[in-house]
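Biologist: I would like to learn how to read a structure feature by feature. Could you take me through this one?

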Amino acid sequence: MAVTEIIEGKKYLLRKVHKELALTMQVHASYDYVKLSGDSKSGTPVIFEQHPDKPGEYYIRMTDYHWNDYEYFTRSGKGWVYLDKKSEASRFCFFLDAWGRINLWHYGGDENNLNFKLHDHGGTLWLGTDGYKRYLRDDEPNTRTGERVEIDRNLFEIVEA
């Protein structure tokens, strides 16, 4: 069952909404890159650690990894998420709704353009931080919904591990 609050230091699974598949990692190019698991039993728990000087900004630590000390979500220059040392780790912000769905984004001052998004490469869904929420102009209607906002990101739900 999804949670309605995150307790620092507690283990959680980040599951794709409506899928029961959770985030995990896989070795690629000498790093563990974050991806969506291939089945409902293979997600890897994460722990949220609040930045000591910046309320609302968190490090996300994966509890299983291949190299000692390389356990924190880190955004690459191209937006992919891999595991690195805490000294190199990225900070993330989130909004958790009443149903346990979480919108996560890379801290960078622009929460509308650095949201978590899954990218399909060869059948594997890799985590990136290039999802967006874009406000459309009046002459550019969103024909699917009639709304003035276009959203291209993935929501996850938080469940206890």
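Modeller: Gladly. Let us begin with charge. The chain carries 22 positive and 26 negative side chains, and the centres of these two sets lie 2 Å apart. Please keep in mind that this is a predicted model.

Biologist: Thanks. How many helices and strands are there in the chain?

Modeller: There are 13 strands and zero helices. Read along the sequence, the pattern is β-β-β-β-β-β-β-β-β-β-β-β-β.

Biologist: What does the radius of gyration tell me about the chain?

Modeller: The idea is to set it against what a compact globule would have. For 161 residues that would be near 15 Å, and the chain has 16 Å, which agrees. The C-alpha trace spans about 50 × 40 × 35 Å along its principal axes.

Biologist: And what share of the residues counts as buried?

Modeller: In the chain, 45% of the 161 residues count as buried. As for the surface, the chain exposes about 9100 Å², with carbon and sulfur atoms supplying 44% of that area. Contacts can also be sorted by sequence distance: among those between residues at least 6 apart, 47% join residues at least 24 apart.

Biologist: Which residues does Leu127 contact, beyond its neighbours within four places in sequence?

Modeller: Among them are Leu23, Val34, Phe73, Trp80, Val81, Phe116, Leu118 and Phe156. The list also includes Lys35, Gly79 and Lys117.

Biologist: Met62 was in the list for Leu23. How do I read a pair like that?

Modeller: Look at the separation in sequence and then in space. Leu23 and Met62 are 39 residues apart along the sequence, with 9.4 Å between their C-alpha atoms. Met62 and Val46 are 16 residues apart in sequence and 4.4 Å apart in space, C-alpha to C-alpha.

Biologist: Where is Met62 found, and what does it touch?

Modeller: Met62 belongs to strand S5 and counts as buried, at 0% relative accessibility. Outside the four places on either side in sequence, Met62 touches Leu23, Thr24, Met25, Val34, Thr44, Pro45, Val46, Glu71, Phe73 and Leu83.

Biologist: Glu71 is on that list. Is Glu71 buried or exposed?

Modeller: Glu71 is buried, with a relative accessible area of 11%, and lies in the loop between S5 and strand S6 (72–75). Leaving aside neighbours within four places in sequence, Glu71 contacts Ile60, Arg61, Met62, Tyr65, Leu83 and Asp84. The C-alpha atoms of Glu71 and Val46 are 9.5 Å apart, while the two residues are 25 apart along the chain.

Biologist: What about Lys16: buried or exposed?

Modeller: Lys16 counts as buried, because its relative accessibility is 16% and the cut-off for buried is under 20%. Lys16 is placed in strand S1. Beyond four places in sequence, Lys16 touches Leu21, Leu36, Leu118, Asn154, Leu155 and Phe156.

Biologist: Where do Glu20 and Ser30 lie, and how accessible are Glu20 and Ser30?

Modeller: Glu20 is in the loop between strand S1 (11–16) and strand S2 (23–28), and counts as partly exposed at 47% relative accessibility. Ser30 is in the loop between S2 and strand S3 (31–36). With a relative accessible area of 57%, Ser30 is exposed.

Key: Residues numbered from 1 in each chain as written. Predicted model: local features only at pLDDT ≥ 70, side-chain atom pairs only at ≥ 80, totals over all residues. Heavy atoms only, no water. Helix = DSSP H or I, 4+ residues; strand = E, 2+ residues; numbered from the N terminus. Rg over C-alpha atoms; globule rule 2.2 N^0.38 Å. Buried < 20%, exposed > 50% of the residue type's maximum accessible area, 1.4 Å probe, protein only. Contact = heavy atoms within 4.5 Å. Areas by Shrake-Rupley, 256 points an atom, 1.4 Å probe, with all protein chains shown as cover. Lys, Arg positive; Asp, Glu negative; His and termini not counted. Charge placed at Lys NZ, Arg CZ, Asp CG, Glu CD.
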